[in-house]
Amino acid sequence: MKTILPFIKKYRAQSILAPLFKMLEALLELFVPLVVKNIIDIGIGGGDKIYTLKMCGLLGLLALIGLVFSITAQYFAAYAATGITNGLKSALFSHVMSLGYTEADTLGTSTLITRITGDADKVQNGINLALRLLLRSPFVVFGAVIMAFTVDTSKGTSAWIFAGAVPVLAIAVFGIMLGSMPLYAKVQKSLDKVTGRVRQHLTGVRVLRAFGREESEKKSFSEASSELNSFQRTAGRVSALMNPITYVLINGATILLIYTGALRVDSGILSQGAVVALYNYMAQILVELIKLADLIINISKALASAKRIGGIFAAKNSQTYPENGVQPDFDAPAVEMKDVSFTYKNAGAPSLTGVNFTLNPGEKTGVTGSTGSGKSTLVNLIPRFYDCTEGEVRIFGHNVRDYSRETLNSLVAVVPQKAVLFKGTIRENLLWGNKNASDSDLEYAINAAQCADIISAKKDGLDEMIEQNGANLSGGQRQRLTIARTLVKKSPIIILDDSASALDFATDARLSKALSELYWHPAVITVSLRTGSIRDAQEIIVLEDGAVAEKGTHTELAKLGGVYSEINSASGGDGNG
């Protein structure tokens with residue numbers, strides 16, 4: 001509940017009015033058996049047709065007013081539930097966006113998607129039902145008991161049957177609720193696993209087919225689905241006890257009520273209308289307890305989902321940024337790493353150890369090495385996607401931890417390893433780099449990133465629509481557009497994390513030349529397994545098992561005959577620069 005309470009304040013009025021109108025509807029409903037009693041005892045029993053018609057008209061009026069109250073309550077409940085959940089989703093999404101890479105890696109994408117969608121929807125359903133029924137159902141149940149005593153005021157009254165049935169029913173209902181809550185928590189946890197597998201299988205469907213792994217993955221998914229099904233069956237069995245138990249108890253109480261009522265009518269203690277009224281009150285209790293049982297199950301699911309959402313809110317970014325950070329010294333080296341080591345959370349061994357290098361403004365540093373050597377990890381420390389566990393990363397004379405988030409973001413632009421584009425026009429995607437960029441800025445970035453042919457081939461040019469993840473573009477086109485988007489930002493430090501791997505050698509060469517001729521002369525770090533992409537760098541860093549194995553220019557490293565020489569030969573280099 002702590003997770004939801006902050007979002008209820010904005011909808012306090014609706015959250016009060018919804019149950020209030022439901023209580024008014026319930027109050028009218030409690031008078032119906034009394035009206036029926038009078039129709040039977042006075043109207044029918046006394047042969048008074050006028051009275052009977054008046055009472056029937058009163059029943060119709062009560063029904064009409066009750067309908068208005070019910071619709072009004074539903075409106076306020078739906079308004080509050082959707083508004084509260086919308087605020088919850090927005091806050092949750094904002095919180096997820098504030099988390100660092102470490103927290104995102106730990107929580108997992110599928111878990112976050114499930115929390116924002118499925119769990120939030122369960123919370124919305126629970127709030128809606130709670131506002132309408134949480135007070136109404138108990139009010140009707142206890143109101144029916146009280147009204148039963150007003151109908152049968154005789155000594156040894158049959159109304160005591162109500163007083164005995166309600167506590168027994170309450171024990172049964174709440175016992176089942178307490179038993180089902182932890183089971184639904186297990187169901188949701190298992191659902192996370194299934195969602196994760198679905199996401200993995202769908203995003204990697206081409207790889208699955210390429211390796212003929214469809215059957216094994218079907219089996220894997222079937223196992224996860226069977227586990228979920230097992231938990232759902234167990235939770236369903238416990239929840240399914242609710243209706244049969246309530247029906248048995250209520251019907252047993254009804255039989256006892258009719259039996260004792262018949263004896264009292266025969267003795268002249270009760271009227272026939274009173275017995276019918278008592279029966280109607282028992283029927284009301286039955287209906288409301290069934291509603292309450294369903295409500296409790298849904299609230300149990302909602303509370304379990306709210307607790308899981310609260311777990312996401314409890315996750316805090318391990319990185320903190322000063323509000324008023326330092327300002328860059330552009331005369332200092334653009335990037336410095338001093339004895340930097342890094343270990344991923346829960347990893348058994350460090351991914352980087354003892355890395356040292358300096359990159360001056362306007363210069364280019366190349367980073368290469370075998371797969372898994374720590375290249376991406378190295379460059380991810382510069383924009384502070386992760387914090388180094390040992391050593392120091394400095395940008396323009398200051399530790400990256402001393403910059404505010406906004407300043408650091410303005411200083412470093414990253415082209416990630418995976419080219420990601422968003423649904424929208426090419427122009428909209430490029431403006432992610434700088435929303436205030438002019439058409440001439442876009443044109444400059446497009447030409448530098450070798451994208452001019454992409455734009456000219458499109459019917460609508462910059463206003464051509466791109467599908468989600470750039471599905472209507474080739475891999476090389478996506479990469480060039482992501483590079484152009486980064487260049488629009490005009491940051492003094494640019495990082496290209498193996499972002500030209502899908503380009504042909506000629507385009508890659510033209511791109512490298514264009515980057516060296518950018519008019520604002522940024523410091524460039526290029527990660528690549530192609531030595532042609534980094535051969536013009538003032539310094540090349542060769543990583544091996546997370547450590548710097550070699551360092552130097554292309555010509556110097558090619559002559560060593562070491563790791564770089566092997567990479568150079570494999571990528572079609574000339575071996576001597």
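User: Hi! Where does Asp498 lie?
Analyst: Hi there! Asp498 lies in the loop between strand β9 (493-497) and helix α18 (505-516). Helices (H or I, at least four residues) and strands (E, at least two) are DSSP runs, numbered from the N terminus. Please keep in mind that this is a predicted model, where local features need pLDDT of at least 70, side-chain atom pairs count only at pLDDT 80 or more, and totals for chains, interfaces and linings use all residues. Residues are numbered from 1 along each chain as its sequence is written, and side-chain values use heavy atoms, with hydrogens and water left out.

User: OK, and what is the phi of Asp498 about?
Analyst: Asp498 has a positive phi of about 50°, although it is not a glycine. Arg384 is not a glycine either, and its phi is positive at about 65°.

User: Where is Arg384 found, then?
Analyst: Arg384 sits in the loop between α12 (375-380) and β4 (390-395).

User: Is Arg384 buried or exposed?
Analyst: Arg384 counts as buried, at 4% relative accessibility. Buried means under 20% relative accessible area, exposed means over 50%, and partly exposed is in between (1.4 Å probe, protein chains only).

User: New topic: how many salt bridges are there in the whole structure?
Analyst: A search of the whole structure finds 20 salt bridges. A salt bridge here is a side-chain nitrogen of Lys or Arg within 4 Å of a carboxyl oxygen of Asp or Glu. Side chains of opposite charge can pair when their charged atoms come close.

User: Which residue does Glu29 form a salt bridge with?
Analyst: Its partner is Arg136, with the closest N and O atoms 2.5 Å apart. Glu29 lies in helix α2 (residues 12-44) and Arg136 in helix α6 (residues 136-151), so the pair ties together parts that are 107 residues apart in sequence. Glu29 is partly exposed at 23% relative accessibility, while Arg136 is buried, with a relative accessible area of 2%.

User: And what about Asp121?
Analyst: Asp121 forms a salt bridge with Lys89, and the closest N and O atoms are 3.1 Å apart. Asp121 lies in helix α5 (residues 109-133) and Lys89 in helix α3 (residues 49-98), so this pair ties together parts that are 32 residues apart in sequence. Asp121 counts as partly exposed at 38% relative accessibility, and Lys89 as partly exposed at 26%.

User: Which residues do salt bridges that share partners join into one network?
Analyst: That network joins Lys22, Glu25, Glu29, Arg136, Glu288 and Lys291.
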